[in-house]
Amino acid sequence: MSDTSRLNATYDRIVCALAGLCLSAETRIKSAPGDELVIRLPVENLRAAVAVLVNQLGVTHLTTITGEDLTPELTLKYHFWQERGFTLEVELPGEAPVVATIVDLVPGAALYEREVYGMFGIAVEGHPDLQPLLLPDGWEGPPPLRKEGDRD
Amino acid sequence: MTKTVIPIGPQHPLLKEPLAFQIMLEGERVTDSTMRMGYVHRGIERLCQERTFIQNIHLVERVCGICSHVHAMTYCRAVELLLGINVPPRAAYLRALLCELERIHSHLLWLGVLARNVGLDTIFMYAWRDREVALDIMEALSGGRVSHAVNIIGGVRSDVTPEQREEILEQLTTLDRQVNWLLGVVEHERSLQTRTKGVGLLSLQQVRRYCVVGPVARASGLDADMRRDEPRTPYDRLSFNVPMHTAGDVWARTLVRMQETLISVELCRDILKEMPEGPLAVRAPRRVPPGEAISRSEAPRGELFYYVRSDGSDTPARVKIRTPTLPSLLTLPQQLKGVTMADVSVVLSGVDLCIACADR
Amino acid sequence: MNALIKMLIFPGFGFLFIAALAFDWIDRRMIARFHGRVGPPWYQPLADFIKLLAKEDVVAEGTHGLAAAALPIVSLTAVMTASLYIPVGGIVGASFEGDLIVVLFLLALPALAYFLAGWISAGVYSVLGGHRSLLQYFSCEVPFLMAVTCPAILAGSWSINEISNFQAQTAWSALTQPLGFILALIGLIGKLKRDPLDIPKAKSEVVAGPLTDFSGRKLALWHLTMNMQTVLGIFLLVNLFFGGSRFFNRVPALPVFGLKSVAILLMLSTASALYARLRIDQLMDLGWRILAPLALIQILATLWIGG
């Protein structure tokens, strides 16, 4: 089972590199083969952590950014891939959420950050062209994937 | 030089689905471009939260009109992970068989669209004629040409009988011959090459930066294929090549897709020959326990990603779909810069856009 | 009275109209066979024409209405006038020394009208298509003109009928000047804006080019003009390069002429089925760097043979 140990070594490397920045690291998300690593970070450490991944570990592939409304707070999951998938998770307040952009580190994040902005109203600081990705022009309702919209 | 702004889309003969580009032209040369999407946004991620796990199978199958099966399959896999069940081997083989047929169908469809957009209607007609064979096989397997509805949580619904197997193997031989012939035509078609070589260039570095996946990435030399990188039954038991090219232009993408089509035909044969006997599905528990799951698979256009979270109720708390077209869309302004107006159609066809997928 | 019949019925307008529809049908049928399709029934071009005539005629806002109405009529008139001077199977409508020049001029008018159709309309696709049509016109017309001059030089006459008769006594120009014939054929494809040189109206690039904003009757007239131009272009090439009926003296001239015309149409259909569309810069390269010098060589060779 050298394959499994190689994959585990990948996770070990990531956890080691991010040790000083993260709140916790656990293999929480079910996936195959084996559960995927989730690293929880304080939101202010996100850019630093992504910089470590990109510059030290050579991570290039960001699959997507999943936003989620876990009223009262919001979470963002950054799904990366290097040999196997792993996720960075940050928690944001429900009121006026702001997150720093990672577009300068991972240019491929541009559309995902715009989508998160449109769907959850999370302001992405430093994004070069922050507009909702999928919503129609002049959309006035609440961000569609936020839970407070349910009350109407 | 006169400066013009040419709108391409939301409706334009070049685009089969609504997407809007503003192309800034100087003479015939593109200086800049902006993109607007969302015209076919159907709110599927939100709808998924309001329907049960089982209803969602049919909903996500409608994300895409070309690779419908792979969406439903990837979603089912995520739910199966949450439930902690494994599908029987025969079901996994049948799912993979439809995936490969879908890849053949999608790549041939794409070749036709590219040929049509460069004014080579003959190749368009031939590619779509050959694609019919793949559609016929899928219809025989599932009863549907585009939407198959064969996936259920825990396995598949429809089986392949021994007689069907022989018939499909025969049809695959026809398909193999025709695709080989088509590849020969395309490889020797000089006028197609003059239009596609050196157009829509993406370097390996750009592909990495923009997180591009699928045939577009492989045509630029990025060795990534989820079938091999995250192997599951039956791909871990089958041997197959991942075709790669390094030129990074539309011609390289054409070659990658054509070679993949041939490999998929071969894979279909192997799957049919090695398919184990056994049940088609396992009984899935009715309640989905709380938890999160990620499922990835190689759709015809690249890595397809599903994230499903359950909170223990009968509807998922969150379904996130990332389709492979999205990162390709991001590279389009880069690819369009500096090409002529005539090449805009080649660049846009070259990445194989699926707008309905991207908008969800 | 005889002159009136010649003008209105044969080989004049009536015949031209029927030939235009027939050639359109043969062309579509042949391309369909190349595609592995069946193709339309024989009455399809007529049905399309009548359907377009009956459709609502919309003039887009910002388009010069009068010019939009005049341009298709002008180009149709030019093409019909040209038809009078092109002999059909030895039957001459009208002929004089120098009618080749008049025909070439009249056949150039629709190209100008086509460009203007793009120029007067407000749509960006039309303007872009109009620009392209001019660029294409210059790169195709020069080799075409040079190539069709060669049979004239050899025959020592500028009358189409004379050139045709001259070949009956000697040999087809296509045999003595094969290069010139190929150049004229490529030039004709470019003049007619057929695949693979349909650059000004490439659907995936500029929608329908200058004709994007035209509809109804005007579009019907444009299509008719294009189809008649195809017929006349083919007739012209037959007269200039396959003139006379030296090898078929026993057979009536008219069926032979028809066969030759359909053979050239088949060449055009084959070209459109087999090649991808060129880019406008690739066409200009082809026109000025390859076709024009080759045409020059052909002229020099002809002068050498003829002199």
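## Chain A: strands and hairpins

β1(A) and β2(A) form a hairpin with six residues between them. In the turn, Gly34(A) has a positive phi of about 80 degrees. Helices (H or I, at least four residues) and strands (E, at least two) are DSSP runs, numbered from the N terminus. This is a predicted model: local features need pLDDT of at least 70, side-chain atom pairs count only at pLDDT 80 or more, and totals for chains, interfaces and linings use all residues. Residues are numbered from 1 along each chain as its sequence is written, while chains are lettered from A and ligands numbered from 1 in the order in which they are written.

β1(A) covers residues 24–29 and pairs with β2(A) in the antiparallel sense, over five bridges. Strands count as paired if DSSP finds at least two bridges between them. Within this pairing, Glu26(A) faces Val38(A) in β2(A). β2(A), residues 36–41, also runs parallel to β5(A), residues 84–92, with five bridges joining them. Here Ile39(A) stands opposite Leu88(A), and Leu41(A) stands opposite Val90(A).

β5(A) has a further partner. β4(A), residues 73–82, is joined to β5(A) by nine bridges and runs antiparallel to it. Lys77(A) has Glu89(A) in β5(A) as its bridge partner. The hairpin of β4(A) and β5(A) has one residue between the strands. Glu83(A) takes a positive phi near 65 degrees in this hairpin.

## Chain B: overall form

Chain B holds 14 helices and eight strands. Its C-alpha trace spans about 70 × 45 × 35 Å along the principal axes. A compact globule of 360 residues would have a radius of gyration near 21 Å, so the 20 Å of chain B agrees. The radius is taken over C-alpha atoms, and the globule rule is 2.2 Å times the number of residues to the power 0.38.

Of the 360 residues in chain B, 58% are buried. A residue is buried if 20 or more other C-beta atoms lie within 10 Å of its own, exposed if 12 or fewer, and partly exposed in between, with C-beta atoms placed from the backbone. Among contacts in chain B with a separation of 6 or more, 70% involve residues 24 or more positions apart. Two residues are in contact if their C-beta atoms, placed from the backbone, lie within 7 Å.

## Chain C: helices throughout

Chain C has 13 helices and zero strands. Its C-alpha atoms fill a box of roughly 55 × 50 × 40 Å, taken along the principal axes. With 307 residues, a compact globule would have a radius of gyration near 19 Å; chain C has 19 Å, which agrees.

Buried residues account for 50% of the 307 residues in chain C. Of the contacts in chain C between residues at least 6 apart in sequence, 80% join residues at least 24 apart.

## How the chains meet

Two pairs of chains are in contact, and chains A and B share the most contacts. Chain A and chain C do not touch. Their nearest C-alpha atoms are 24 Å apart.

Between chains A and B, 26 residues of chain A are in contact with 30 residues of chain B. β1, β3 (61–70) and α3 (110–120) of chain A each supply at least two residues of the side that touches chain B. β3(A) gives the largest share, six residues. By class, this side of chain A has 13 nonpolar, nine polar and four charged residues. Ala, Val, Leu, Ile, Met, Phe, Trp, Tyr, Cys and Pro count as nonpolar, Asp, Glu, Lys and Arg as charged, and the others, Gly among them, as polar.

On the other pair, 23 residues of chain C are in contact with 25 residues of chain B. The elements of chain C that each supply at least two residues of the side touching chain B are α2 (13–35), α6 (124–155), α10 (203–206), α12 (253–274) and α13 (280–306). This side of chain C has eleven nonpolar, four polar and eight charged residues.

## The largest core

In soluble globular proteins, nonpolar side chains tend to be buried together. The largest nonpolar core has 245 residues. Such a core is a set of buried Ala, Val, Leu, Ile, Met, Phe, Trp, Tyr and Cys residues joined through C-beta atoms within 7 Å. Val79(B), Ala184(C) and Leu237(C) have the most contacts inside the largest core. Helix α4 of chain B, residues 89–117, gives the largest share of this core, 17 residues.

Which residues does Val79(B) contact, leaving aside its neighbours within four places in sequence? They are Phe53(B), Ile153(B), Val288(B) and Val308(B).
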